[in-house]
Amino acid sequence: MKQTLFKNLPYKILALIVAIPVWVILINIANPMSTKTITGIEVDLRKEPELIEIDGKRYEYDYTTPKTVSVTVTARKKDIDEITASDFDKIIYANMDLFYGADAYNKASDIHIDWDRFPHRNLITEDMVKLKGEGVVKIHLEEVVERIFNVSINWEGDLAEDITIGKNTTIEPAQITVTGRKTAFASIQRLAYVNLDRSQVTADTVQMNGKIVLYDGNSAPITNMDSLKLSQEDVTIYPEVLKSKTINVNLGDPVGEVAPGYKSSGHDWDVKTIKVIGSKAALADLNSLEIPGDEYPKTNATSDLTYQIDLAKYLPENVRIADDNPSVANVVIKIEKLRNKNFRIGTDALILHNKSEEYEYYFYARNFVVTLQGFEEDLDSITADNIIAEVDLAGLVPQEESYTVQVIIPDFDDRADEFTLVEPIYLTLRVSVKEVSSEESESESESESESESESPSETPSESESEMPVESDTEPEESASESEPETEPSQEYNYQGI
């Protein structure tokens, strides 16, 4: 056996030496080496921080390099197809803990292959797998800040007609904290809103719930909240639900007296009704707002007066004026200068009261003047024919002396607010016993009376005869300053009237 093994040994060794290269050549021809690229392999970021702190400030980061890599694998053609991207899952990694600390800006983490966990170490060696690209992970840091936002209600829709939402509506919480990247706040309005529908509010509403919405500078809601975190996304609203009511605004007459020779023709104001808000109990007995006249006096006024009245001042406690209603009333008091006008009336137009059929009454003037004071428009509306004058003859008996009686103008008692008699009117008359003896003497007496009427011989009272015929004068002018009208002097007999 031994002889057989070592027989022709040199030839056997030479044959082996020749066979090995031939075998290698044949293997390479039948199953050659091949290389392929596997892409989209996700890098396992180990010890990845949520936030990075540097000098007491917090930062979020973005990756400036891809989080996936590609590798090239070299292997036998028959083996290479067995190697896929899933074989590198959690195998290719980068340690992120080196980004902690003050110099995180300037660091990059190398990407490694955890060869000990590679499942096909029997097919290839470590040097047969190569990373493509830069082979590092880089990040960009951005400071994270907190901002406190006040929560405000954005009401939409319409309320019921008799319901109003009061100013004492509360929100819980009234503020929220928003955390995010500093640059994100540049385009956010500094209020957090909750959108609520007014039409959902009733008299029995106690609370409502809503979600927080942030808006950008163009008043559009921010839908991508990935970089922002809210301390609370839902809030509770406790609306102050109030009743509303429309009431009249009444102004009393202005106090005081205008200057002499002037008169107020009335007052007016621009706010006749207002809408007020309050609890049901507070509004139950409130039907009008009464403004006293001492708020807008007219004392010694010679021209129009204007006042501004604060209406809220006269509202009961816990009742206020609705926001869309005026809170100030403008009051105008019209002041006009008075005029005097003279009206000449004949004594034959007098109405005589309590006259005796046994007496004769002789007036010493044919006419007299009535001077009225009032607004020019009112004075122009009347004539002497509209004025009724009366004399009371009660108690007058025949005597040698004359009587002086006052003329009464009863027609204007009901129009005292329109006209004022400037001064009393007095007439002088004589009373005598009526003498009747026969029809002839009665006829002669009537003839004499008619003759006396046609041929006056007696002079009327100076103050009565010098009054002007219907003429306008200023209040301070006296009627006696008008041009006198001369009359014949005689007694005027009105017996039997």
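Predicted model: local features only at pLDDT ≥ 70, side-chain atom pairs only at ≥ 80, totals over all residues.
Visitor: Which residues is S264 in contact with, leaving aside its neighbours within four places in sequence?

Guide: Contact means heavy atoms within 4.5 Å, and on that basis S264 is in contact with V258, K298, I333, K334, I335 and F375. One of these, I335, stands opposite S264 in β24.

Visitor: How do you know that β19 and β24 pair?

Guide: Two strands pair if DSSP finds at least two bridges between them, and seven bridges join β19 to β24 (residues 328–337), with the two running antiparallel. S264 itself is found in β19, which covers residues 262–269; strands are DSSP runs of E, at least two residues, and helices are runs of H or I, at least four residues, numbered from the N terminus.

Visitor: Why are β19 and β22 said to stand at the edges?

Guide: Three strands form an open sheet in the order β19-β24-β22, with antiparallel pairing. β19 and β22 (305–310) each have a single partner strand, so one side of each is left without a neighbour in the sheet. The twist averages 20° from one strand to the next, where axes are lines fitted to C-alpha atoms, for helices over the stretch in contact, and angles run from 0 to 180 degrees between N-to-C directions.

Visitor: Why is Y238 called partly exposed?

Guide: Buried means under 20% relative accessible area, exposed over 50%, and partly exposed in between, computed with a 1.4 Å probe and protein chains only; Y238 has a value of 29%, so it is called partly exposed. Y238 is found in strand β17 (residues 234–238), and its C-alpha atom is separated by 5.2 Å from that of T170, 68 residues apart along the chain. Not counting residues up to four places away in sequence, Y238 touches N168, T169, T170, E172, V206 and Q207.

Visitor: What makes strand β15 largely enclosed by the rest of the structure?

Guide: Seven of the nine residues of β15 (residues 208–216) are buried, so the strand is largely enclosed. Four bridges join β15 to β17, running antiparallel, and K211 has D234 in β17 as its bridge partner. Four bridges also join strand β14 (residues 188–197) to β15, likewise antiparallel, and there V194 has I212 as its bridge partner.

Visitor: What makes a group of residues a nonpolar core?

Guide: A nonpolar core is a set of buried Ala, Val, Leu, Ile, Met, Phe, Trp, Tyr and Cys residues joined through side-chain atoms within 4.5 Å. The largest has 29 residues, and F88 and I124 have the most contacts inside it. β5 (68–76) is among the elements that give two or more residues to this core, and β5 gives the most, with four residues.

Methods:
Residues numbered from 1 in each chain as written. Heavy atoms only, no water.
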